[in-house]
Every structure is written in structure tokens, then in C-alpha cells.
There are 4 protein chains.
Amino acid sequence: MIIQFKQTTPLIQSIKAKLEQRPAQVEVVGTHLAAIGVKDFTPTAEEAAVIASISFDDPSFVLGSRQFQPEDTVITLPHTTIGGDNFVMMAGPCSVESQAHVRKMAKLAKAGGATVLRGGAFKPRTVPYSFQGLEEDGLRFLRQAADEFDMDVITEVMDVPHVEMVGKYTDVFQIGARNMQNFSLLKAVGKTQIAVGLKRGMSATIDDLLNAAEYIRANGNPNVFLIERGIRTFDNKYTRNTFDLAAIPVLKKLTHYPIIADPSHAVGVRDLVTPMAVAAAAAGADGEIVEIHDDPAHAFSDGPQALTPDLYKDMTRRVNLVRAALA
Amino acid sequence: MIIQFKQTTPLIQSIKAKLEQRPAQVEVVGTHLAAIGVKDFTPTAEEAAVIASISFDDPSFVLGSRQFQPEDTVITLPHTTIGGDNFVMMAGPCSVESQAHVRKMAKLAKAGGATVLRGGAFKPRTVPYSFQGLEEDGLRFLRQAADEFDMDVITEVMDVPHVEMVGKYTDVFQIGARNMQNFSLLKAVGKTQIAVGLKRGMSATIDDLLNAAEYIRANGNPNVFLIERGIRTFDNKYTRNTFDLAAIPVLKKLTHYPIIADPSHAVGVRDLVTPMAVAAAAAGADGEIVEIHDDPAHAFSDGPQALTPDLYKDMTRRVNLVRAALA
Amino acid sequence: MIIQFKQTTPLIQSIKAKLEQRPAQVEVVGTHLAAIGVKDFTPTAEEAAVIASISFDDPSFVLGSRQFQPEDTVITLPHTTIGGDNFVMMAGPCSVESQAHVRKMAKLAKAGGATVLRGGAFKPRTVPYSFQGLEEDGLRFLRQAADEFDMDVITEVMDVPHVEMVGKYTDVFQIGARNMQNFSLLKAVGKTQIAVGLKRGMSATIDDLLNAAEYIRANGNPNVFLIERGIRTFDNKYTRNTFDLAAIPVLKKLTHYPIIADPSHAVGVRDLVTPMAVAAAAAGADGEIVEIHDDPAHAFSDGPQALTPDLYKDMTRRVNLVRAALA
Amino acid sequence: MIIQFKQTTPLIQSIKAKLEQRPAQVEVVGTHLAAIGVKDFTPTAEEAAVIASISFDDPSFVLGSRQFQPEDTVITLPHTTIGGDNFVMMAGPCSVESQAHVRKMAKLAKAGGATVLRGGAFKPRTVPYSFQGLEEDGLRFLRQAADEFDMDVITEVMDVPHVEMVGKYTDVFQIGARNMQNFSLLKAVGKTQIAVGLKRGMSATIDDLLNAAEYIRANGNPNVFLIERGIRTFDNKYTRNTFDLAAIPVLKKLTHYPIIADPSHAVGVRDLVTPMAVAAAAAGADGEIVEIHDDPAHAFSDGPQALTPDLYKDMTRRVNLVRAALA
């Protein structure tokens with residue numbers, strides 16, 4: 001059930017308290033109240049006077065829905081604002097490779113306009129014998145590099161036991177596509193207040209993605225944004241995945257969470273990243289996350305999709321041109 | 001086999017003549033010669049002197065490949081140029097509904113910058129009991145409307161016996177997604193010189209699409225362009241298909257044929273057409289084909305995806321802004 | 001609208017005649033009447049007395065539905081009965097390669113229990129430069145071979161202008177997967193009384209397949225059967241397509257048309273054909289269509305999926321064992 | 001690198017010891033040695049004399065491959081043998097609902113021939129507000145029920161912190177489809193010796209599945225079996241997923257792990273479970289895992305796909321008939 005009130009009033013909290021006596025989770029944002037699982041409610045006359053509408057026909061991802069929270073979620077990091085009218089650039093290497101290398105990449109990322117530094121210290125690799133990341137050392141190098149260039153950090157957390165440790169180093173937990181329905185992990189990051197960037201699973205529907213985000217939000221963490229990174233379809237000869245750009249405007253209608261585009265993983269091929277980054281900006285994304293590398297041929301992972309320094313700067317320039325044209 | 005010559009020389013034609021004595025189809029464009037199926041060739045010393053390279057490692061769609069024809073295909077219609085540096089807008093109703101209505105739609109299309117009028121007179125409908133089109137009357141109305149507003153016509157041809165008749169009315173044959181591998185039809189339009197807009201099938205790979213185009217080109221018709229209109233994937237709750245925008249830059253690398261985006265069929269939902277049209281332009285499309293209707297609720301077909309007049313004009317405005325920004 | 005009558009009665013024909021005065025197509029099978037597009041009907045008291053039920057909630061494929069025709073469609077060919085309690089084996093080479101070869105293949109097919117000889121004379125090839133078939137010569141060779149061994153013929157018809165000619169040679173028109181929504185072709189074979197084997201398109205839903213069959217049935221030809229031959233999904237490294245065996249029991253519930261399994265195209269790999277043929281029989285298929293070849297390495301097309309003579313005989317043996325066990 | 005020895009010899013262990021001085025993981029099964037990542041090896045003359053072959057062209061899932069271990073993996077539980085010539089039936093409710101109910105379901109499962117009792121105590125639910133399982137109480141009830149009827153237990157473990165606790169109650173860890181690439185969890189169960197049933201992810205390729213299994217095997221646990229439970233495709237109107245039955249014979253060729261079919265989740269519809277269970281047996285599965293319920297309308301989860309007692313018994317009967325026919 002979602003109740004929309006006509007105005008802010010102490011009755012919101014009293015109705016909330018009343019509903020919480022039922023076995024129901026109740027949440028309030030501004031003039032909207034959601035009572036999950038509640039299917040009947042008869043307001044008193046006094047209550048009815050301040051209620052604009054009551055709806056029992058909620059989506060399963062009620063807390064993530066625009067019906068419950070019409071205003072955009074805006075996430076404030078030390079150096080970055082995600083959501084609302086802001087456009088954010090996140091960039092960095094696929095893997096943290098060394099202290100010196102990630103510092104170099106941070107400098108490059110910042111020079112191209114990024115305010116969030118990405119880099120993997122724990123890597124979810126399809127094959128167990130591939131490079132699995134520098135682990136806590138990688139996190140430390142990433143944090144140092146970001147701090148030196150006044151950037152925020154996004155990095156992947158892969159399991160529940162790592163949440164506390166990774167949380168000491170990062171501003172944003174990235175949940176990878178393969179873990180999008182690792183519900184234990186979603187609950188664990190949902191119990192923190194650290195921002196979470198949730199990647200769409202490779203066969204996740206839009207509803208699946210929003211239900212996964214709901215696990216985070218329902219556990220108390222409202223600092224959620226979504227990442228479209230391509231889905232798996234029948235055609236993967238020329239691209240790694242199929243970039244579902246229409247998901248961006250679809251999600252903007254359904255949810256208040258910011259939507260970030262990840263063209264690097266979506267296409268997996270360097271030459272295609274820029275046109276797709278530009279297209280994502282044109283489609284209304286709230287930002288981009290891209291992989292960069294100064295020497296892709298020797299990258300520890302995902303070299304073929306990393307933008308070289310020149311391509312990265314050209315990409316940000318073109319994205320900004322499109323953003324300005326459509327402003 | 002593809003032979004690239006260093007320059008234009010009479011030897012190209014003499015080599016062509018020599019190769020045609022084998023059971024091989026030989027085609028020449030500029031300084032490139034393709035001999036299909038030829039796997040060995042030893043030039044004379046005189047010939048070798050003018051040859052830059054010989055390759056036996058051709059794609060199956062050799063005539064459509066950039067290796068054979070590096071320059072963009074440019075198709076010239078009376079009022080429109082497709083390909084090269086040109087950007088084309090094609091618009092019109094899904095179905096031709098009446099003489100008066102298609103005239104009204106032509107006026108609207110033109111006002112928004114379209115130079116090609118679309119409209120179906122023969123409709124490939126999933127269910128046999130749905131409206132199947134006005135047939136030849138529809139073609140006549142479409143032609144009249146286009147002529148009045150100095151526009152070119154694109155309309156679907158559905159089978160071999162109709163090629164001649166439809167060809168009397170149209171400037172461009174549209175081959176629908178469901179007929180992309182109707183090889184008899186591809187051969188038939190390939191034997192004309194009328195331009196062909198070939199829509200990607202809903203489960204066609206990039207290679208499938210290029211091989212289908214090859215049927216047209218190999219039968220003698222070089223006036224081919226491709227239309228990306230979305231593919232079928234696991235998620236179709238909020239969109240009709242999944243718009244594979246990365247196919248645009250992929251195809252631009254592989255082939256010289258122009259690539260037109262069809263956001264209307266790709267998403268199937270009016271509100272999403274504009275962001276996707278803008279994204280397609282940003283991704284490098286050579287033009288757009290969209291459905292418009294002044295009264296979508298009463299459209300004979302595909303009303304939910306038709307742009308209203310206001311939305312259509314806003315879409316063309318935004319597409320032009322992005323095009324200008326990236327020029 | 002579907003009317004189910006309590007018994008056979010002259011009132012069925014009189015109601016049919018009455019409904020045909022509306023703009024409606026009306027069909028009767030036994031005690032069931034379907035009036036397509038009719039959304040209201042008030043029987044007289046006399047009529048009401050013989051009516052068991054009236055339903056306005058019909059599937060789009062009304063004539064193909066079990067609601068309209070509860071009894072299995074049974075198709076009678078000179079040497080074969082398809083549907084009902086019969087199980088049919090269809091076998092032969094992918095392409096008709098020569099008069100002698102198809103004769104040899106017919107003998108082999110018959111020895112393994114097949115009563116229908118398959119073989120392509122017109123081949124829908126993805127690439128235009130691949131072998132396209134022996135055309136009318138191929139049809140003649142195929143017919144002769146079948147006649148010699150008292151078999152029926154199934155062969156593909158690819159376009160409208162060929163329907164008449166192919167019809168002179170074949171007992172069953174095969175409509176290929178790529179032509180499943182070639183509606184002109186469906187209408188054309190629907191206007192004959194020759195049996196039609198309709199292959200599921202590679203991205204066709206169950207409903208798409210039944211709507212395509214409806215094009216044939218609504219044009220007057222009730223002799224339709226369906227062929228499941230695999231769909232296109234994200235995984236095609238070890239199999240050509242994904243064999244959707246659950247479609248067999250799903251279709252058996254929805255429609256009265258017989259369902260034939262095509263394991264050869266579904267998997268595309270010789271070693272997998274037998275287990276999948278056996279699985280299809282276990283799942284309730286009404287028969288199988290398989291490709292066989294005595295020298296697959298030199299087959300004109302689809303060699304890798306052709307069963308050798310020994311494998312073919314083992315396959316039919318195992319299919320029969322499973323059929324007997326479940327009888 | 002895989003070395004196949006001509007016979008058992010002490011040289012196998014000495015070569016293993018020598019290779020382990022490199023940074024390489026080395027495993028031996030019988031007369032086969034795999035040295036992961038090793039790309040060069042020159043045997044001494046003495047060593048060469050006992051070596052049948054050396055291959056450097058290994059699949060990424062080397063320990064799971066038939067090249068490394070030609071013999072079937074056979075897993076021995078107290079009451080059940082999985083793999084080899086055995087066929088195993090696993091059955092039980094989707095969720096453990098109560099002590100009394102799971103006992104009743106165990107009795108039913110056993111009566112139909114099952115020797116492994118399934119039941120979820122921790123449930124991975126798409127929506128956070130759905131029933132999440134009885135947790136440790138559920139495990140206790142499940143264990144008691146299995147013990148009473150001399151059965152083994154399979155139950156899902158959802159995250160690393162639960163591995164130890166769930167391991168106290170179960171004979172088999174089930175890894176769910178959504179966790180197939182939860183690599184931390186795979187490593188954690190790989191460090192135990194408890195059997196693991198790994199479900200194929202809904203968009204996992206065959207290679208993805210085998211690479212995921214490799215995470216378990218490479219961490220020291222050889223007791224792995226695979227579960228095919230359907231993949232996500234474009235058609236889900238009549239079935240929950242698409243049951244990829246061809247994966248069974250494909251996997252039997254590639255790997256020595258047993259393959260169990262899960263028709264319940266594959267189709268999601270009660271009436272289709274039996275034909276698909278029978279088809280899976282015909283396709284060569286090493287067993288089945290199915291959901292049963294005495295009152296599906298009131299099941300806590302997945303009621304629509306649960307077999308009723310009568311349907312369950314009929315299913316096992318038919319599966320056994322097919323198994324016997326093909327023996």
C-alpha cells in the first residue's frame with residue numbers, strides 16, 4: 001500500500017506507528033508512505049482529510065518505485081553527486097594492477113573529467129585460473145590514488161564476509177552482474193549506508209533488477225544506483241553483450257534511482273565504447289562508468305575493451321557535447 | 001578473392017574477363033575486384049605490377065564488405081540522398097489508412113524534416129484476422145501524397161509476385177524483418193535497380209543480415225541500406241524488442257551500406273521513441289525511420305508506438321541538435 | 001466466438017449461414033462452430049436448446065485451438081498417417097544430390113522404418129553463394145525415389161510462384177523456419193489441400209507458430225502439422241540451436257495439429273541427434289524428421305548433422321523402444 | 001597441460017612433484033595428470049617411456065574434462081550413489097514448511113523411489129518480501145525427516161557464512177542458479193568434501209557451467225554434479241524457462257560429472273513436468289530432482305510446478321519404463 005499525503009503532517013508518523021503494529025514494514029519519504037504487504041486500510045476522518053490517495057496496486061519493488069518516491073534519488077559522495085541533474089563520469093582500470101599503475105590511471109581518469117575512480121581488487125572471473133585480484137592491497141592502492149586526486153572510489157564487493165573490509169576503503173560498493181541476485185550480499189550491503197552501484201545481471205529483466213535493488217533499499221540503505229552493462233542475447237560475435245539502451249528511459253520512468261551506463265562491458269570492444277557512451281548520454285543516462293588503460297595489450301583483465309588515454313578524452317568530450325546540446 | 005589495384009587501369013577489366021571464364025561471379029567497384037569462390041590466382045608480371053593486394057580470406061558477404069568497397073554506398077532518390085555524410089528522416093503512418101489520411105501524414109512528416117514517406121499497403125500481421133492493408137489502393141494513395149509534398153516513398157513488398165506492381169509506386173522497397181531470409185524475395189528485388197531497405201530479422205545476427213543483403217547485391221542491385229529495428233530477447237515487458245544500438249557502429253565498420261534506425265518498432269512505446277531516436281543518431285546512424293499518427297488511439301495498426309505530431313517535431317529537433325553537436 | 005453444440009443438428013448449418021451474413025469467417029468441425037471476430041450472439045430459444053456453451057474468449061489461433069477442435073487432426077497420405085495415435089518417421093538427405101543418391105537414401109530411409117522421404121530441391125541458404133538446390137530436377141528425382149519405395153514426399157517450397165510446380169511432385173509442403181512468417185506463402189499453400197509441415201521460426205514463440213498455422217487453416221487447408229526444430233538462444237557453441245522439447249507437450253495441449261520433432265536441425269551435430277530423437281518421442285512427439293547420409297563428409301549441405309546408416313537404424317530402434325515402453 | 005600415462009607408475013608422483021615446483025596447480029586422477037597453466041614440459045627419456053600423450057590444448061575447465069578424467073565421477077552418499085550406471089531420484093517440497101509437512105513429503109518421496117530428500121530452508125526469492133525460508137529450523141526438520149526414511153538430504157546454501165552451518169545438516173549442498181557464478185561461495189564449498197549439486201545459471205553457457213564447477217573442483221572437492229534446470233529465452237508464456245535437454249548429452253561428452261535434470265524449475269508447470277522428466281531420462285540424465293507437494297495450492301513457494309502425490313508416482317513409473325527400455 002502507498003499513501004500519498006496532501007502535505008507534511010504529524011499524522012504521517014502516527015499512521016506509520018499504527019501500521020507498524022501489524023506485521024508490516026513501513027517506510028516514509030516526504031509525503032509518501034509505503035506499507036509493504038498491507039492490503040487494507042481505512043483511515044479515520046481526520047486522517048482521510050490529509051490523504052491525497054491510497055493505492056494497493058503497488059509494484060513488487062515498491063520502495064524503488066516512482067509511485068512511492070517521485071523525486072530522483074540523489075547520492076552525495078565527498079567529491080561527486082549522483083542523480084538529479086548531475087552527470088557523473090566514473091573511470092579507471094578493470095583491475096588494480098599496482099600502486100603506481102592505479103595512481104597513473106587515477107590521474108588520467110581525473111584529467112578526463114571523472115570524479116569517481118573504478119578498479120577491481122576482487123575479480124569475479126569466469127575461469128578459476130584467471131587473475132583474481134590484488135585483494136586488500138588493491139583496495140589500499142585504489143584508495144590512495146583516489147585520495148591523491150580528490151576522487152571517490154567504486155569497487156566490487158563479492159561476498160558477505162568482505163563487506164566490512166571493503167567498506168573501509170570504498171565510497172561505493174559495486175555489486176557485479178553475476179551477483180545481482182546474490183540476495184545475502186544485497187542484504188549485507190543494504191545494512192550499511194555506503195552507496196551501492198548495482199549492475200544488471202546478464203539475463204535480468206528490468207523487474208529483476210528493480211527487485212534486486214529493493215533488497216538493498218528494504219534493508220535500510222537508500223543510496224542505490226543502477227548500472228546497465230549489457231545483456232546476453234543470441235549475437236555475440238562482434239560485441240560481448242547487447243547494450244540495452246532503452247532500459248535507461250524505461251528505468252527513469254519506473255524508478256527514482258540514478259542509472260549509470262557501462263559501455264565498456266556492454267560492448268567489450270574498444271572502438272565501440274565511445275559511440276555507445278555518447279548514445280547512452282543521449283538516451284538519458286545519469287552518468288557513465290568506463291574502463292581505461294594506458295597499455296591495454298598488457299592489462300591484467302579486459303584489455304580489449306579499455307579506452308586508451310586519447311580515446312578516453314575524446315569520449316568524454318563527445319559525451320559532454322551531446323549533454324550540452326540536449327540540456 | 002578480393003584484388004585491390006593500385007590505380008584504375010584497363011587491366012582490371014581484362015583480369016575480370018579472365019576470371020569470368022571460371023565458374024565465378026566477378027564484380028568490380030573502383031579499384032577493387034571481387035571474384036566469389038575463387039581460391040587461387042597467380043597474376044602475370046604485368047598484372048602484379050598494378051596489384052596492391054590479393055586476399056582470399058573474404059567474409060561470406062564479400063560484396064557488402066568494406067574490404068571490397070571501402071567507400072560508403074550512397075543512394076540517390078529524387079528528393080533524398082541516403083548514405084555518406086547525409087542524414088535522412090523517413091516518417092509516416094504504419095498503415096496507409098485512406099487517401100486523405102496519408103496526405104495529412106505526408107504533410108506532417110515533411111514539416112518535421114522527412115523527405116521519405118513511409119506507409120504500409122501490404123501488412124505482414126502476426127494474426128491472419130488483423131487488418132492486412134489497402135493493397136494497391138494504398139500504394140496509389142501513398143504515391144500521390146508523396147508526390148504532392150516532393151517526397152520519396154518507402155513501402156513494404158511482401159512477396160515475389162508483388163515486386164513488379166509495388167515497384168511501379170515506390171522509390172524504396174522495404175523488406176520486413178519477417179522476410180529478411182525470404183531468399184526468393186531478396187533475389188527478386190535484387191534483379192531490379194530500385195533501392196531496398198532491408199530490416200534486420202528479429203533473431204538475425206549481424207552476419208545473417210549482411211548475408212541477406214548479399215543476396216540483393218549479388219543479383220545486381222547495389223542500392224541497399226540496412227534497418228536496425230530491434231531484436232527479440234528475454235525481456236519484453238516494457239519494450240517490444242531490444243534495440244541493438246551497438247549494431248550501428250559495428251555495421252559501419254563491416255559494410256559500406258547505410259544504416260537506418262527504426263526506433264518505433266525497436267521499442268514499440270511512444271514515450272521511448274524519442275530518446276532512442278536521439279541515441280541512434282548519437283551512435284552514428286545514417287538516418288531514422290519512424291511511425292507518426294495524428295490519432296494513435298484509432299490507428300489501424302501499431303498505434304502505441306506512433307509519435308503524435310508534437311512528439312515527432314520534438315524528436316526531429318533533438319536528433320538535429322545531437323547531429324549538430326557531433327558534426 | 002466458439003459455439004459448442006450438444007449434438008450434431010441441422011441448426012449448426014443454419015446458425016452458420018446466419019453468421020455468415022455478418023462480415024465474419026465461420027468454420028464448423030463436428031459439433032464446434034467458430035465465427036472469427038464475432039463478439040456478440042444471442043441464440044433463439046430453439047438454438048439455445050442445442051448449444052452446450054458459447055465462448056467469446058478465443059485464442060487468436062482459433063481454428064487451430066483445442067477449444068474449437070478437441071480431436072487430433074489426422075492427415076492421411078498415400079503411405080502414411082500423421083497424427084492421432086500414429087507415429088511417423090520422415091527421413092532423407094538434406095539436399096537432393098542426384099537421381100542415384102536420393103534413390104539410395106530412400107532405400108535406407110525405408111529400411112529404418114520411414115514412410116516419408118525428405119529432401120530439398122530448393123534450399124534456403126544463409127549465404128547466396130552456397131549450393132541452392134537442383135530445383136525441378138531435384139523434385140523429379142525425389143518423387144521417383146519415393147514412388148519406387150512406396151513412400152510419401154516432403155520437400156520445401158520457398159515462394160509463392162513455386163507452389164503450383166512443387167505441388168505436382170510432393171505430398172507435403174515443408175515451410176522452412178525462415179519462412180514461418182512469410183504470410184503470402186502461408187496463404188498460398190493454405191489455398192491448396194496438400195498437407196503442410198510448418199517449421200517453427202528460430203525466434204518464434206508458441207503463439208507465433210500457432211498464428212502462422214492459422215494463416216494456412218483460415219485459407220481452407222486443414223492438413224497442417226507443426227515441426228519443432230530448435231530456437232535461437234545465447235548458447236550455440238555445442239549445438240546449432242536450442243531444442244525446445246517442452247514445446248511438444250505445450251502444443252499438444254493448445255492445438256489439435258500433429259507435432260513432429262526435427263532433432264537434426266535442432267542440434268546440428270550427428271552424435272546428439274539420437275538422444276534428442278529419443279527424448280522427443282518420450283516427450284510425446286507424433287513423429288520425427290531426420291537427415292541421413294551415407295557419406296556425410298561429402299554431403300552437399302548440413303553434413304555434420306546427418307545420421308549415417310548405422311546411426312539412423314540405431315536411432316529408429318531406440319525411438320521404437322521408448323514408444324513401446326510408454327504405450 | 002594433461003599428461004596421459006600408459007600405466008600406473010611411481011613416475012607420476014615424481015613428475016607431479018617436479019611440476020609443483022613451478023607456480024602450477026597439479027592434480028592426478030588414475031593415469032592422468034593435469035598441470036594447470038603449464039605450457040611447456042620436456043620429459044626425460046625414462047619419463048617419456050611411460051607417457052602415452054601430452055596435450056597443451058586443454059579446456060579452461062581442465063579438471064572437469066573427460067580428457068583429464070575419462071571415467072565418470074561417482075559420488076557415494078549414505079543411501080545413494082550418483083553417477084556411473086546409477087540413476088537417482090531426488091524429490092521433496094520447494095520449501096521446508098514445517099516439521100510435520102516435510103516428514104510427510106519425505107514419506108511420499110521415498111514411496112516413489114527417491115533416496116534424496118530436497119527442501120529449501122534458505123530461499124533465494126526474486127522479491128525481498130516473499131517467504132525467505134525457515135532457516136536453521138528448516139534444516140533440522142529436513143534432516144530429521146530424511147533420517148527417519150533412510151534418505152540423504154540436498155538443500156541450498158546461499159552464502160559463505162552459512163556453509164559451515166548448512167554443512168552440519170546436509171549430504172549435498174545445492175548451489176542455486178542465481179549463485180552459479182558466486183565464486184566466493186563456489187570456493188567455500190570447494191574447500192569441503194560435502195557433495196555439491198551445481199545448478200546451471202539461467203543465462204549460463206555450457207562452458208560457464210563447467211568453469212563454475214571447476215571453481216569447486218580446483219579447491220579440492222571432487223564430489224560435484226551438475227543440474228540442468230532450464231535457461232532464459234524469449235518465450236516464457238507457457239513455460240517458466242526453456243529446458244535445454246540437449247545440454248545433457250553435450251555435458252556427458254565434455255565432462256565426467258553426473259548430470260541431473262530438474263524438470264520442475266525448467267518448465268514451472270505441473271502438467272509438463274512428467275513428459276519432461278521422461279524426456280530427460282531418455283536423453284541420458286543421471287537422475288532427476290523434482291518438487292512434490294500434497295497441497296500445491298497452499299505451498300509456501302512454487303506451488304504451480306509441484307507434482308501431486310499421484311502425478312509424482314506416475315512420473316517415476318514412466319521414467320523407470322523408459323530407463324528399462326533403453327538399458
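Trainee: What joins the side chains of A:Arg232 and D:Asp208?
Mentor: The side chains of A:Arg232 and D:Asp208 meet in a salt bridge, at 2.6 Å from N to O. The term stands for a side-chain nitrogen of Lys or Arg within 4 Å of a carboxyl oxygen of Asp or Glu. Please note that this is a predicted model, in which local features need pLDDT of at least 70, side-chain atom pairs count only at pLDDT 80 or more, and totals for chains, interfaces and linings use all residues. Residues are numbered from 1 along each chain as its sequence is written, chains are lettered from A and ligands numbered from 1 in the order in which they are written, and side-chain values use heavy atoms, with hydrogens and water left out.

Trainee: How many salt bridges are there between chain A and chain D?
Mentor: The count is two. The interface of chain A and chain D also holds 17 residue pairs in polar contact, both residues being at pLDDT 80 or more. A polar contact is a pair of N or O atoms within 3.5 Å; within protein, one must be able to donate a hydrogen and the other to accept it, and residues adjacent in sequence count only if both atoms are side-chain atoms.

Trainee: And which elements of chain A give two or more residues to that side?
Mentor: They are helix 6 (183–190) and helix 7 (206–218) of chain A. Helix 7 of chain A gives the most, with five residues. Helices here are DSSP runs (H or I, at least four residues), as strands are (E, at least two), numbered from the N terminus.

Trainee: How much area do chain A and chain D bury between them?
Mentor: About 2700 Å², 54% of it on carbon and sulfur atoms. Buried area is the accessible area (1.4 Å probe) that two parts lose on being put together, summed over both. The contact (heavy atoms within 4.5 Å) takes 33 residues from chain A and 33 residues from chain D.

Trainee: New topic: is D:Ser65 buried or exposed?
Mentor: D:Ser65 counts as buried, because its relative accessibility is 0%. Buried means under 20% relative accessible area, exposed over 50%, and partly exposed in between (1.4 Å probe, protein chains only). D:Ser65 lies in the loop between strand 4 (51–55) and strand 5 (75–76) of chain D. A polar atom of its side chain is 2.7 Å from the backbone oxygen of D:Val62.

Trainee: What about B:Pro78, buried or exposed?
Mentor: B:Pro78 counts as exposed, at 63% relative accessibility. B:Pro78 belongs to the loop between strand 5 (75–76) and strand 6 (81–82) of chain B. Leaving aside neighbours within four places in sequence, B:Pro78 is in contact with B:Asp152 and B:Asp171.
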